[in-house]
Number of protein chains: 4
Amino acid sequence: MHQNTRASCLKRLSKIEGQVRGLSRMVEERRYCIDIVTQVAAVRAALRKVEEAVLQDHIGHCVENAISSGNTTEQRAKVAELVEVLSRSNR
Amino acid sequence: MHQNTRASCLKRLSKIEGQVRGLSRMVEERRYCIDIVTQVAAVRAALRKVEEAVLQDHIGHCVENAISSGNTTEQRAKVAELVEVLSRSNR
Amino acid sequence: MHQNTRASCLKRLSKIEGQVRGLSRMVEERRYCIDIVTQVAAVRAALRKVEEAVLQDHIGHCVENAISSGNTTEQRAKVAELVEVLSRSNR
Amino acid sequence: MHQNTRASCLKRLSKIEGQVRGLSRMVEERRYCIDIVTQVAAVRAALRKVEEAVLQDHIGHCVENAISSGNTTEQRAKVAELVEVLSRSNR
């Protein structure tokens, strides 16, 4: 992963960790269910952003390297892997 | 929220917090992008389960109470709120 | 369903039927895969709009009637049905 | 597209066209909203299957050809296109 991507992912993940702790507090304090669900959705969306950043970086580096290498076996493997992970993240 | 639901949500959230910390470690240790993405997806799925548990509980209690109360204004409000949160969590 | 909703749904569905026929033509004419996939996604989005219109109408009428009726058994049934259909359409 | 894929897609699309016509009939006959929504979801799932079949075929043929060709410009274009279409179909 590129250094910038790594730094921004770590920052996001540290914020997400705090949000998850905040969720535990909300549950303990018996906050209203709908507010909890709304906050869970916000954390899921934040994780989605991390996922997208990592994938963008992966495509720009690992897949790009496989293409530049001219190694068709590696290219096939990278494409298959990418398709699998993108299809899975559909759900 | 019912006491059982609260306890199981807190347990799940504490595990999720650990998983998010694990994700930061994976990023720091420059683990393979695809493994990171796979793990992010696992955490999102775990949050989804919390969301579902809270919603189930909400429907069984808050919405149920509104119905039992016979207060139509409150019933309308609870249904509208539920539809909104379920539709939002669609995406 | 309200008359306006019914009319607009029928109009949408008739357009969708034409789009599906168009898709068959694209496949027969060996059009580029990505263009076909893009068009399939457009038809799915159009169906989604029909789904949303029918649900909006349902909530405004059937669920509303259950609330007005004061019949708690019916209210419970309507809420359960609504939650089920909204949760299913998540995926 | 491979001949087998084309034949099976045409068969599926013809069935889907019939299902959409069936939906119009359900709306005209004032069938119950929830039954209509359930049927719309079934048609959307059937379209999803067409999408997946076309994409599988595309990856097996067009992307595979780009890899075999050794043309890195074409490979990059195919990967970018694939990522875009898979990411879009996420939502």
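Two residues are in contact if their C-beta atoms, placed from the backbone, lie within 7 Å. This is a predicted model, in which local features need pLDDT of at least 70 and side-chain atom pairs count only at pLDDT 80 or more, while totals for chains, interfaces and linings use all residues. Residues are numbered from 1 along each chain as its sequence is written, and chains are lettered from A in the order in which they are written.

**Exercise 1.** Find how many residues of chain A and of chain B are in contact, and describe the side of chain A.

*Solution.* Start with the count: 36 residues of chain A meet 37 residues of chain B. Next, look for the helices (DSSP runs of H or I, at least four residues, numbered from the N terminus). On the side of chain A that touches chain B, α1 (3-28), α2 (33-69) and α3 (72-88) each supply at least two residues. The largest share, 17 residues, comes from α2(A). Finally, sort this side by residue class: 21 nonpolar, five polar and 10 charged. Here Ala, Val, Leu, Ile, Met, Phe, Trp, Tyr, Cys and Pro count as nonpolar, Asp, Glu, Lys and Arg as charged, and the others, Gly among them, as polar.
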